[in-house]
Amino acid sequence: MRSTSVRGAKVVALGAAAALALVACGGSDDGATQGSGAEASGGAEGASDATLVFGASADPVIIDGAYVSDGESLRVVRSIFEGLVTTEEGGTEIVPALAEEWEVSEDGLQWTFSLRDGVTFHDGEALDAEAVCTNFDRWYNFTGIQQSGNVSYYWQTVMGGYAQNEDETLPESLYSACEATDEATATITLTRPSSTFLSALSLPAFSIASPAALEEFGADEITGSGEEPQFTGTYGTEHPTGTGPFRFVSWERGNQLVLERNDDYWGDVAQVQNLVFVPIADGPARRQALEAGDIDGYDLVDPADVDALEEAGFTILRRPAFNVAYVGLNQSAPPLDNLQIRQAIAHAIDRENILSTNYPEGATVPTQFMPEAVFGYAEDVTEYEYDPERAKELIAESGVTDLTLEFWYPTEVSRPYMPDPAANFQLMAADLEAVGFTVNPTGVPWNPDFLDAALSGGAPMYLLGWTGDFGDPDNFVGTFFQAQSPEWGFDNPELRTLLDEAEAETDLDARTGLYQEANRQIMDELPGLPYASTEPALAFRPGIEGFEPSPVQNESFNLVTVTEQE
């Protein structure tokens, strides 16, 4: 998997603002939509007429997994669509979805998937192997704007290139072909072995859509530019058609997106009749909407609100930590090109103090660029304890006299791994100045200024982070360091080769060892300082049950039950 300059698109989760005044339109106190969890409505045992209203931090970009990488789009895509495989509820283990079972050839090049019988798309079309291959061939044959890393981000990060690469810097595609061996069997051929291929198929980007709907409603009609694509077809705004537990009903941007239960779903049929997503960009406004009864739950709870909401009787759920916040140290800019200066910065920053001051319970200081829960985590990497005296020694030994640090931090944003970037920056700047550095602060809006600067190499020192998509080390250190990136400002061919070998290795023990060695090399190189790994919180009102947080945010709403508030 390759790290490209488009990685910033993945971490964009906040976008168009939505006025709190609009929330009431989708609120669960609306008698027309609010129902009782005990009132059967057909379709499945226990199903009710209830509506679940969830507060999102932004509108989706488009409801087509092939074109999005932001969390709010993916949340909706996961409810409407399914892929060949998925992750277990609340975990990262790969389990069957539309494919009941699969096998891989001895050379690791051919993956054969046996499809679940009797599955239909929301338009009544049957799921078969031809439909699977149509979807893979669609992505593989993207052209023009579709080949922008900003548009088909996950295809590029997993597969690399396309049938005909229009950018000569794109690599050969990992995907080669798909064959419908029979109606229920699809065989996908790769150009080289990849141990991350199966896990990556759990991403919503590889959701299987109805081929008929894709064509009828112009899923591939796009104008504009790679940076600002305009989706002119109606597929992703009015006719997204998958096999999932919810069907699309309507979408009024800035107000609400409405889904309804798919009573023909092959799996666990949803317990609620309607699932409504209401965009509320402001965190305090989401809390107020929950307290007012306008929404039933929301994500990205401000750490400062957790205790108050729990004391008020709301349910707080925490996702297992699967993220890392880091201070990026771009080595193309002095004095960060000096290893002893980078080491001095690492020893100067009191990360435990940052967590105890700015983070909720459960946050920990990571030692490397991936969580401990992922295989390949190394127990013996070089660690950088808070030691201001050692920082001063390293500065003296470095011989560097200009100790000015241009330190960027984002504004107008809150991320699961970075609830208050400005507060983190202030503590770090004080620590750095205490050992002799001069800190020049640059606080700019998250999107586009900050992300563009950080990912393009324009920000020498910056605050950023990453939330994993699936439970594989390639999704962390492979994404960061498997290709040369302007974000870090260094080129280490030995490390890139090591990560290539780790991705291709099929023996788990051997693969684990390769990633452990990569983590040791990375923390010796010190391209950045990991400083926080958090457990993001969600809040629900009393009477909402059955939501299981997922470390990779692959959460199902079909098992959620709703009872009326008294």
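1. Helices (H or I, at least four residues) and strands (E, at least two) are DSSP runs, numbered from the N terminus. The model discussed here is predicted, so local features need pLDDT of at least 70 and side-chain atom pairs count only at pLDDT 80 or more, while totals for chains, interfaces and linings use all residues. Residues are numbered from 1 along each chain as its sequence is written, and side-chain values use heavy atoms, with hydrogens and water left out.

2. Leucine 300 sits in the loop between β13 and α9. Its phi is positive, about 60°, although leucine 300 is not a glycine. Most residues other than glycine have a negative phi, and most peptide bonds are trans. With a relative accessibility of 16%, leucine 300 counts as buried (buried is under 20% relative accessible area, exposed over 50%, partly exposed in between, with a 1.4 Å probe and protein chains only).

3. Glutamine 553 also has a positive phi, near 60°, and is a residue other than glycine. Glutamine 553 belongs to the loop between β21 (544-545) and β22 (561-562). At 23% relative accessibility, glutamine 553 is partly exposed.

4. Which two prolines are joined by a cis peptide bond? They are proline 334 and proline 335, with omega about 5°. Proline 335 lies in the loop between β15 (323-329) and α10 (339-348).

5. Aspartate 299 is in the loop between β13 (297-298) and α9. Aspartate 299 is buried, at 3% relative accessible area. Apart from neighbours within four places in sequence, aspartate 299 is in contact (heavy atoms within 4.5 Å) with residues including Phe54, Arg75, Arg319 and Gln553. The side chains of aspartate 299 and arginine 319 are joined by a polar contact of 2.7 Å. A polar contact is a pair of N or O atoms within 3.5 Å; within protein, one must be able to donate a hydrogen and the other to accept it, and residues adjacent in sequence count only if both atoms are side-chain atoms.

6. How many salt bridges does the structure hold? There are 19 salt bridges, each defined as a side-chain nitrogen of Lys or Arg within 4 Å of a carboxyl oxygen of Asp or Glu. A network of salt bridges links Glu72, Arg75, Asp299, Arg319 and Glu555.

7. Aspartate 263 and arginine 261 form a salt bridge through their side chains, at 2.8 Å from N to O.

8. Glutamate 393 and arginine 390 form a salt bridge of 3.1 Å, N to O. These two residues are separated by about one helical turn because they are three residues apart in helix α12 (residues 388-398). Glutamate 393 is partly exposed at 41%, and arginine 390 is partly exposed at 28%.

9. Aspartate 305 and arginine 287 form a salt bridge, with the closest N and O atoms 2.7 Å apart. This pair links distant parts of the chain, 18 residues apart: aspartate 305 is in helix α9 (residues 303-311) and arginine 287 in helix α8 (residues 283-291). Aspartate 305 counts as buried at 10% relative accessibility.

10. Arg287, Leu290 and Glu291 in α8 meet Asp305, Ala308 and Leu309 in α9. The residues of this contact are three nonpolar, no polar and three charged (Ala, Val, Leu, Ile, Met, Phe, Trp, Tyr, Cys and Pro count as nonpolar, Asp, Glu, Lys and Arg as charged, and the others, Gly among them, as polar).
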